[in-house]
Amino acid sequence: MIREVIVTTVDRSGQAHMAPLGLIEDGEGWIIAPFLPSATHDNLLESSVAVANYTDDARIFAGLITGRRDWPLVPATKISVPRLADALAHAELKVAHFKADAERPRFHCKILHKEQHAPFEGVNRAANAVVECAILLTRLHMLPRDKIDLEIAYLAIAVEKTAGPREKEAWSWLMQKREAYYAGN
């Protein structure tokens, strides 16, 4: 199973970095497998700790993909890496072992601590569509345009039928990114 989360790490100076990533289930822990080059990779090599932030706010996924990186953070409980202030829950992770790879190294992490901050109030189809579209747009340079356009047209149905203001805002950021990419390529 892969769970889409926002991973926070810190660099050598303590500067926080956020990245939307799919964590891969690994027994009672998680594997963080960023594509290289990656600030998450570099930070994990230096600090060996990260936070998995569980959120239902699709704007954060879309925002990070489109360069909107100013999401409020607060201190985590057991490690020096901050967590998202508005996360529904978070898990504090420590690298147990590392498997190097030229394209996608794997950090096998154990869970040091978990906390719930707010209730999960159900799945919104538009929020899921925004997350899927954000992932799709990270592959603009790898996939043919007709495939991208076809998938976006399908995802747009859920956004049109079920989105609230947050999902509509996130969707507009993603469509701006797609248009800007194709205008330049």
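**Close-up 1. The contact between helices H3 and H4 in the predicted model.** On the H3 side, Arg125, Ala126, Ala129, Glu132, Cys133, Leu136 and Leu137 meet a set of H4 residues consisting of Ile148, Glu151, Ile152, Leu155, Ala158, Val159 and Thr162.

**Close-up 2. The crossing of H3 and H4.** The axes of helix H3, which covers residues 125–137, and helix H4, which covers residues 145–162, come within 8 Å and cross at roughly 160 degrees. Because angles over 145 degrees count as roughly antiparallel, H3 is roughly antiparallel to H4. The crossing in which H3 passes H4 is left-handed.

**Close-up 3. Helix H4 and its buried residues.** With 18 residues at 1.5 Å a residue, H4 should span 26 Å, and this agrees with its end C-alpha atoms, which lie 26 Å apart. Ile148, Ile152, Leu155, Ala156, Ala158 and Val159 are the buried residues of H4, and what covers them includes H3 as well as helix H5, residues 165–184.

Close-up 4. Leaving aside residues up to four places away in sequence, valine 130 touches Ala58, Ala62, Glu167, Ala170, Trp171 and Leu174. Although valine 130 and valine 159 are separated by 29 residues in sequence, their C-alpha atoms are 7.8 Å apart in space.

Key
Residues numbered from 1 in each chain as written. Predicted model: local features only at pLDDT ≥ 70, side-chain atom pairs only at ≥ 80, totals over all residues. Heavy atoms only, no water. Axes fitted to C-alpha atoms, helices over the stretch in contact; angles between N-to-C directions. Helix = DSSP H or I, 4+ residues; strand = E, 2+ residues; numbered from the N terminus. Parallel < 35°, antiparallel > 145°, perpendicular 65-115°, else oblique. Left-handed = near helix turned anticlockwise from the far one by under 90°. Contact = heavy atoms within 4.5 Å. Expected span 1.5 Å × (residues − 1). Buried < 20%, exposed > 50% of the residue type's maximum accessible area, 1.4 Å probe, protein only.
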